[in-house]
Structure formats: structure tokens, C-alpha cells
Amino acid sequence: QVQLVESGGGLVQAGGSLRLSCAASGRTFSSVWMGWFRQAPGKEREFVVAISRGGGTTNYADSVKGRFTISRDNAKNTVYLQMNSLEVEDTAVYYCAAGLRPSPNEYEYWGQGTQVTVSS
């Protein structure tokens, strides 16, 4: 089991930045892939970015490439999402997720989510 707790969400103006954190506990953190997903009002949850166990491989959704950066600190059992140049369209609940397999579709563990609101 892996327990995930997100933090760092909030209200920001378009063009601004936020940094989300996700603290993990339970299973050895370095044994799981980590990712971020988001769900906007009235829309399905969508993949944002994933990072491999050691942090050497990342995969970004096209909509956030060049603006968002994922990183992880295995010593602190934490994964981060640095979000720059935020757009109104980035408004959503952001979820941290973890999985034993690389495919984000197979992630087993989920946080409760943190709200990100970008105002124009």
C-alpha cells in the first residue's frame, strides 16, 4: 500500500506559477512510478505527467510540455510538480498517483487531490 497526500494547490493568476507536492508513505517510495493527473469541472480525468522510479525518465502530456516539470526526491518520499506559465485551462483538481508498473493507466494508488485555480 501507498498513501499519498498532495499539497500546494491554490489560486494564481494566468502566467503565474505553483508548485505541488505529493508526500508518500507505506511502500518503498523508490519502487513505484509516480504521476500527476488532473480533472477539470465537467471533464474526465486526464494524464499530466509521469516519472520513473529513479527519476531518469519522464513523460509529459503535450498540453503541459515546456511549462510543467516533475521531479522526485526518493530520500524525502516526495514528488513535485512545478507549474509555470499557468493558463486558465490548467484549472482543475490535481491528483498524485503511484503504480508498480510504468503505465499510468495501471496506477493503483491515488491521493485525494488538490485544487488549482488559474484566474484570467
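## Disulfide

A disulfide is here a pair of cysteine sulfur atoms within 2.5 Å. In this predicted model, local features need pLDDT of at least 70 and side-chain atom pairs count only at pLDDT 80 or more, while totals for chains, interfaces and linings use all residues. Residues are numbered from 1 along each chain as its sequence is written, and side-chain values use heavy atoms, with hydrogens and water left out.

One disulfide is found in a search of the whole structure: Cys 22 and Cys 96 form it, with their sulfur atoms 2.1 Å apart, and the link is left-handed, with -80° about the S-S bond. Because Cys 22 belongs to strand S3 and Cys 96 to strand S9, the pair ties together parts that are 74 residues apart in sequence (strands are DSSP runs of E, at least two residues, numbered from the N terminus). Cys 22 is buried, its relative accessible area being 0%, and Cys 96 is likewise buried at 0% (buried means under 20% relative accessible area, with a 1.4 Å probe and protein chains only).

## Surroundings of Val 79

Leaving aside residues up to four places away in sequence, Val 79 touches, among others, Phe 29, Met 34, Trp 36, Ile 51 and Ile 70, as well as Cys 22 and Cys 96 (contact means heavy atoms within 4.5 Å).

Notes
Helix = DSSP H or I, 4+ residues; strand = E, 2+ residues; numbered from the N terminus. Buried < 20%, exposed > 50% of the residue type's maximum accessible area, 1.4 Å probe, protein only.
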